[in-house]
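Here is a friendly set of questions and answers for someone new to this structure. Have a look at it before reading on.

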Amino acid sequence: MKIVFFGTPQFAVPTLEKLLNHSKFEVLAVVTQPDKRRERGNKLTPSPVKAIATAHNLPVWQPERVKKDTETLTKLKQLDADVFVVVAYGQILSSKILNMPKLGCINVHGSILPKYRGAAPIQWCLYNGEKETGIATMLMDAGMDTGPMLQIATTPIGLLDNTQDLAERLAAIGGDLLVETLLKLERKEIQPIPQDNSAATYAPLIQKQDYGLDWSKSAIQLHNQIRGFYPNCTATFRNNLLKITASAPLGSVGDRIPPELEELIHKLPDLSTVSDKPGVVVSIAKGIGAIVQTGEGLLLLREVQLAGKRPQSGWDFVNGTRLTVGEVFGAGS
């Protein structure tokens, strides 16, 4: 099966590698986003997908706007591919491109469609506290993740999973599911199933304002925000911006600690009588970090990052700043 691969971030790499290592598939070329300038040194840096493609001596095309780039469109047409595989490419494909390959364009999407259509499905499913998510393979059409479904694979979400953890797991699942999907398509063992548009939800791009933490929210809401938008959520501490990169919700006072946190129980102080205004440090868990009052329940700060510094454990932060009970964390921005 002759394939052109469209993809850009690390999330797409396991799928490309699965195709490259499978005897049934021939990757003819890779289309990825143009190299980006990174903060450190301002050097142009290739996408993770380009790095893999270059290592395998594959043709790599990086149009600014693929649907408007006549040279790339001509090359794509001339390849006469069986299928285009699209994994987190980052550009909208025109109907002209979608209609080029014999079997169509197959997308590997990081949610159980029709839930979380759009650019950031992994982030928003964590933000919303989902207990399960998955990967969907879909026959692409002109809409935003609206094409008929091919296959789905699911995975549970742990309470302490963050976007990075979940993306790594889903990326591996996606590579296996795509291979299975392509082989079944070739054997005509899959019948595409239209999505139920009435059940659709959306996962738009994350905006800067989504990162600010509001301590009047509940502990579980804040925790889901921190892990969903990892590693960018912010609070203020002593008039400085502080990123909170890992947390654990302790529920409302007196609630049973979730099973995922049972190993922490013996380290936690007695919290049965603790209560204060949202944002106030009400206790310090020795060896772990600060415990902060929220609008409902307590939040344990497991990892933070001071401006200009590397991430550090909550306990190192306590020691380094000589944090005391009664200090206040402010809202982020």
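At the start of H3, a side-chain oxygen of Asp69 comes within 3.3 Å of the backbone nitrogen of Glu71. This is a predicted model, in which local features need pLDDT of at least 70, side-chain atom pairs count only at pLDDT 80 or more, and totals for chains, interfaces and linings use all residues. Residues are numbered from 1 along each chain as its sequence is written, and side-chain values use heavy atoms, with hydrogens and water left out.

Q: What makes the approach of Asp69 to Glu71 a polar contact?
A: A polar contact is a pair of N or O atoms within 3.5 Å; within protein, one must be able to donate a hydrogen and the other to accept it, and residues adjacent in sequence count only if both atoms are side-chain atoms. The oxygen of Asp69 lies within 3.3 Å of the nitrogen of Glu71, so the pair meets the distance limit.

Q: Why is Thr74 called partly exposed?
A: Buried means under 20% relative accessible area and exposed over 50%, with partly exposed in between (1.4 Å probe, protein chains only). Thr74 has 42% relative accessibility, so it counts as partly exposed. Thr74 sits in helix H3 (residues 70–79), and a polar atom of its side chain is 2.9 Å from the backbone oxygen of Thr70.

Q: How do you know that the buried residues of H3 share a side?
A: The buried residues here are Thr72, Leu73 and Leu76. They cover an arc of only 100° around the axis, which puts them on the same side of H3; the arc is that of the directions from the helix axis to the C-beta atoms. The face turned away from that buried side carries the exposed residues Thr70, Glu71, Lys77 and Gln78.

Q: What do the buried residues of H3 pack against?
A: They pack against E1, E2, E5, strand E6 (83–87) and helix H4 (95–98), where contact means heavy atoms within 4.5 Å. After H3 comes Asp80, with a positive phi near 55°.

Q: What makes the buried residues of H2 one-sided?
A: In helix H2 (residues 48–55), Val49, Lys50, Ile52 and Ala53 are buried. Their arc is only 160° around the axis, so they are on the same side of H2. Among what covers them are strand E1 (2–7) and helix H1 (13–20).

Q: Why is the space lined by Leu76 and Lys77, among others, called a cavity?
A: On a 1 Å grid over the protein atoms alone, a cavity is a set of points where a 1.4 Å probe fits but cannot get out, and lining residues have an atom within 4 Å of a point. The largest cavity is lined by Leu76, Lys77, Asp80, Ala81, Phe84, Met100 and Pro101. It holds about 30 Å³ of space; grid points are joined across faces, edges and corners, and a volume is the space filled by probe spheres set on the points.

Q: How many residues of the protein chain are buried, as a percentage?
A: Of the 333 residues in the protein chain, 50% are buried.

Key:
Helices (H or I, at least four residues) and strands (E, at least two) are DSSP runs, numbered from the N terminus. On a 1 Å grid over the protein atoms alone, a cavity is a set of points where a 1.4 Å probe fits but cannot get out, and a pocket is an open set with protein on both sides within 12 Å along at least five of seven lines; lining residues have an atom within 4 Å of a point.
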